[in-house]
Structure formats: C-alpha cells, structure tokens
Amino acid sequence: MSITDLLSPSAIAAALRDCQAPDSFSHKKFFQLSGMSKKSSSQIKDIFRLLDNDQSGFIEEDELKYFLQRFECGARVLTTSETKTFLAAADHDGDGKIGVEGGQGIPGNGALLKD
C-alpha cells in the first residue's frame, strides 16, 4: 500500500505546494488540502503506518521532520520550529512521540484533523 492508494496525487500535490516555503507548514491546512481530514479513523491509521518510517507504532520528532517527504520524496524537510509545533499539537502525553493507538496523535480523536 502506498500513500496514493489513500490520498489523491493531485490533493497531495496541492498540499505540498501550499507549504513550500520554510515555516509555512500548518498541519491542519495540510490535512485539509491533502484530504486526510475527510478520511475514516481506519484510513487515518493506514496513513499513519505509512508515515511511521521505522514501524515502531509512533512517529518521533526525528521522523516528523521528514513528514512532507513521506508524501513526495523531493519535498522539503520541516524546519525545527515546524516540527516542534506539530509535535506539541499531537503529543498529548508529553512523551516526545505521536502514537497511532490510544486516542493520541494524528488519528486520535481527530483534534489534529479538524478545526
């Protein structure tokens, strides 16, 4: 399975275009433009597993900075401030990582996906 099995290539391209400039990344806007905000909890978990590079069940800060590159290999790396802001919004228990299970992180209760 690839990310384009779950999200349209044109939506991914639009989301990546919107945040090309350093420090322009907004996770909520990216999720809306890419179509992630319209996906079911099950589909979000599938996307999360694709984003979890080391398949640990968590996305750690080091993986998160390469978030955009998981959608397109030539995409830019998130800046330190973007990475920290994204992590702070998703790391509900303060352990420095985003989890797929237990209502935390990207799929969680949808807090990151919705306004």
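**Figure legends: overview and helix packing**

Of the 115 residues of the protein chain, 41% count as buried (under 20% relative accessible area with a 1.4 Å probe, protein chains only). The model is predicted, with local features requiring pLDDT of at least 70 and side-chain atom pairs counting only at pLDDT 80 or more, whereas totals for chains, interfaces and linings use all residues. Residues are numbered from 1 along each chain as its sequence is written, and side-chain values use heavy atoms, with hydrogens and water left out.

**View 1. Elements of the protein chain.** The protein chain holds 5 helices and 2 strands (DSSP runs of H or I with at least four residues, and of E with at least two, numbered from the N terminus). Their order from the N terminus is α-α-α-β-α-α-β.

**View 2. Helices H1 and H2.** The axes (lines fitted to C-alpha atoms over the stretch in contact) of H1 (residues 9-18) and H2 (residues 27-34) come within 7 Å and cross at roughly 155°. The two helices are therefore roughly antiparallel (angles over 145 degrees, on a scale from 0 to 180 degrees between N-to-C directions). Ala11, Ala14, Ala15, Leu16 and Asp18 of H1 meet Lys29, Phe30, Leu33 and Ser34 of H2 (heavy atoms within 4.5 Å). By class, this contact comprises 6 nonpolar, 1 polar and 2 charged residues.

**View 3. The buried face of helix H3.** Within H3 (residues 41-51), the residues Ile44, Ile47, Phe48 and Leu51 are buried. Seen down the axis of H3, these buried residues fall within an arc of 105°, so they line one face of the helix; the arc is taken from the directions from the helix axis to the C-beta atoms. The buried residues of H3 pack against strand E1 (58-60) and strand E2 (97-99).

Methods. Parallel < 35°, antiparallel > 145°, perpendicular 65-115°, else oblique. Nonpolar A, V, L, I, M, F, W, Y, C, P; charged D, E, K, R; others polar. Buried < 20%, exposed > 50% of the residue type's maximum accessible area, 1.4 Å probe, protein only.
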